[in-house]
Amino acid sequence: MKHLKRFLLLLIALVVGAGLGHILLSEFEPLRLIAFLVLCLALGELFYQIDQRMQEQS
């Protein structure tokens with residue numbers, strides 16, 4: 001069950017990242033690229049914290 005939850009979290013993170021990439025990187029603009037990188041870093045930290053809490057509960 002733990003592996004399934006972590007796999008679903010990975011899928012959600014990939015879908016969110018792909019959606020942001022599709023929206024922000026549809027046209028090349030340096031500001032959009034910087035916004036995409038900042039959002040990816042912030043969301044990466046968020047998903048990492050969620051994963052850590054899931055591991056602590058198991």
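Good morning. Please keep in mind throughout that the structure is a predicted model.

Helix α1 covers residues 2-24, and helix α2 covers residues 30-57. Is the length of α2 in agreement with its number of residues, or in disagreement? At 1.5 Å a residue, the 28 residues of α2 should span 40 Å, and the C-alpha atoms at its ends are 41 Å apart, so the two values agree.

Next, how do the helices lie relative to one another? The angle between α1 and α2 is about 170 degrees, and their axes are 11 Å apart. Angles over 145 degrees count as roughly antiparallel, and α1 is therefore roughly antiparallel to α2.

Which residues form this contact? On the α1 side they include L9, I12, V16, L20 and L24. On the α2 side, F36, L39, L43, F47 and I50 are among them. By class, the contact holds 14 nonpolar, three polar and four charged residues.

Let us now consider burial in α2. The buried residues of this helix are F36, F47, D51 and M54, and they pack against α1.

The structure contains one salt bridge, and its partners are D51 and R6, whose closest N and O atoms are 2.9 Å apart. D51 belongs to α2 and R6 to α1, so the pair ties together parts that are 45 residues apart in sequence. Are the two partners buried or exposed? D51 has a relative accessibility of 12% and therefore counts as buried, since buried means under 20%. R6, at 35%, counts as partly exposed.

I turn now to two pairs of positions that are separated along the chain. G17 is located in helix α1, and its relative accessible area of 21% makes it partly exposed. G17 and L43 are 26 residues apart along the chain, and their C-alpha atoms are separated by 8.5 Å.

M1 is placed in the segment before α1 and counts as exposed, with a relative accessibility of 71%. M1 and S58 lie 57 residues apart along the chain, while the distance between their C-alpha atoms is 9.5 Å.

Thank you for your attention.

Notes:
Residues numbered from 1 in each chain as written. Predicted model: local features only at pLDDT ≥ 70, side-chain atom pairs only at ≥ 80, totals over all residues. Heavy atoms only, no water. Salt bridge = Lys/Arg side-chain N within 4 Å of Asp/Glu carboxyl O. Helix = DSSP H or I, 4+ residues; strand = E, 2+ residues; numbered from the N terminus. Buried < 20%, exposed > 50% of the residue type's maximum accessible area, 1.4 Å probe, protein only. Axes fitted to C-alpha atoms, helices over the stretch in contact; angles between N-to-C directions. Parallel < 35°, antiparallel > 145°, perpendicular 65-115°, else oblique. Contact = heavy atoms within 4.5 Å. Nonpolar A, V, L, I, M, F, W, Y, C, P; charged D, E, K, R; others polar. Expected span 1.5 Å × (residues − 1).
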